[in-house]
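I opened a new page for this structure.

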Amino acid sequence: MVERIRNDAPVLVIGLGRFGAACAGELDRLDREVLAIDESLELVQKWSERVTHTVQADARNIDALKQIGAQDFSVGVVAVGSSIEASVLITANLVDLKVPQIWAKAVSQSHGKILSRVGANHVIYPEREAGERVAHLVSGRMLDFIRFDDDFAIAKMYPPKFIRGVGLNESGVRTKYNVTVVGVKSPGKPFRYAEANTVVTNHDLIIVSGTNSDIERFAALDR
C-alpha cells in the first residue's frame with residue numbers, strides 16, 4: 001500500500017540556487033515547515049531570513065543528511081542542477097534514507113531518466129518548461145500559458161472578436177473550437193468563473209482550457 005503524504009508534511013529542500021530558493025521561500029510563505037540546506041554558507045546565510053530553517057551541509061554525504069534528520073522527512077526536493085553527478089548522488093541518498101516522496105530537478109532528458117531510475121518520484125524540467133511557455137507567448141496572442149503532460153493546456157488571452165458582446169453559449173466556442181472558457185477577468189475586478197450566459201466585453205481577459213493545438217488555433221483567431 002502506498003503511503004499517503006500529509007499535505008502539511010515538512011519539506012526538505014536541497015540546493016539554494018534560484019530554483020531551490022524560490023521553492024523553499026514559497027513553501028515557507030504557504031506555512032509549510034521547510035528545512036533548506038546547501039553546502040554554500042553564503043547561500044545559507046542569504047536565505048536564512050526568508051526560510052525558517054536553513055543549514056549548511058553537503059548532501060552528497062549520506063552521514064551529513066542523517067545528522068540533519070533527512071530520514072524523518074516525507075518529502076524531499078533535490079534542487080541541485082549545476083552538477084548532474086551531485087544531483088544523482090543526492091537523490092540516491094534520499095532513496096537510501098527511504099524518503100517517500102522525492103522531487104528532483106533535471107537539466108536534460110537524459111539527466112531526468114537517470115533520476116527516475118535512481119528513484120525520484122517526480123522529475124522537474126524548469127528550464128525546458130519555461131522555454132516551451134515562452135514559445136507560446138512570443139507571438140503576443142497569449143498572455144500566459146501552462147501545458148500539462150497529457151496534451152492539455154490552460155491559457156490566458158484576449159478574447160476573439162466573435163465571442164464579445166454575446167453569451168458564451170451563443171458564441172459556440174466549445175462546439176466550434178473544442179476549447180472551454182473557464183474564467184473571465186474584467187478590469188479592476190478579480191477573475192470569476194465563466195458560465196453559459198457570461199458575456200465577454202472588449203476589455204476582458206479570458207482563461208481558456210483545451211488541447212495545445214486547439215488553444216493555439218483559437219488564439220490565432222482575429223482579435
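The entries below follow that order.

**Confidence.** I noted that this is a predicted model. I looked up the pLDDT of the chain and found an average of 90, with 96% of the residues scoring at least 70. Confidence is lowest in helix 6 (residues 126-137), at a mean of 80. The highest value, 97, belongs to helix 3 (residues 62-67).

I traced an open sheet of six strands and wrote down the order 3-2-1-4-5-6, with parallel pairing. Strand 3 (53-56) and strand 6 (122-124) are the edge strands, and each pairs on one side only. From one strand to the next the twist averages 15 degrees. I then looked at one pair, strand 4 (residues 75-78) and strand 5 (residues 101-105), which run parallel and are joined by four bridges. In this pair, V75 stands opposite Q101 of strand 5.

**Helix 1.** I checked the length of helix 1 (residues 18-29). Its 12 residues, at 1.5 Å a residue, should span 16 Å, and the end C-alpha atoms are 16 Å apart, so the two agree.

Which residues of helix 1 are buried? I listed G20, A21, A24, G25, L27 and D28. They cover an arc of only 165 degrees around the axis, so they lie on the same side of helix 1. The face turned away from that buried side carries the exposed residues R18 and R29.

I also looked up what the buried residues of helix 1 pack against: strand 1 (11-14), strand 2 (34-38) and helix 2 (41-47). After helix 1 comes D31, and I noted its positive phi, near 65 degrees.

Terms used. Residues are numbered from 1 along each chain as its sequence is written. This is a predicted model: local features need pLDDT of at least 70, side-chain atom pairs count only at pLDDT 80 or more; totals for chains, interfaces and linings use all residues. Side-chain values use heavy atoms; hydrogens and water are left out. Helices (H or I, at least four residues) and strands (E, at least two) are DSSP runs, numbered from the N terminus. The expected span of a helix is 1.5 Å times one less than its number of residues. Buried means under 20% relative accessible area, exposed over 50%, partly exposed in between (1.4 Å probe, protein chains only). The arc is that of the directions from the helix axis to the C-beta atoms. Contact means heavy atoms within 4.5 Å. pLDDT is the predictor's confidence in each residue, from 0 to 100. Two strands pair if DSSP finds at least two bridges between them. Axes are lines fitted to C-alpha atoms, for helices over the stretch in contact, and angles run from 0 to 180 degrees between N-to-C directions.
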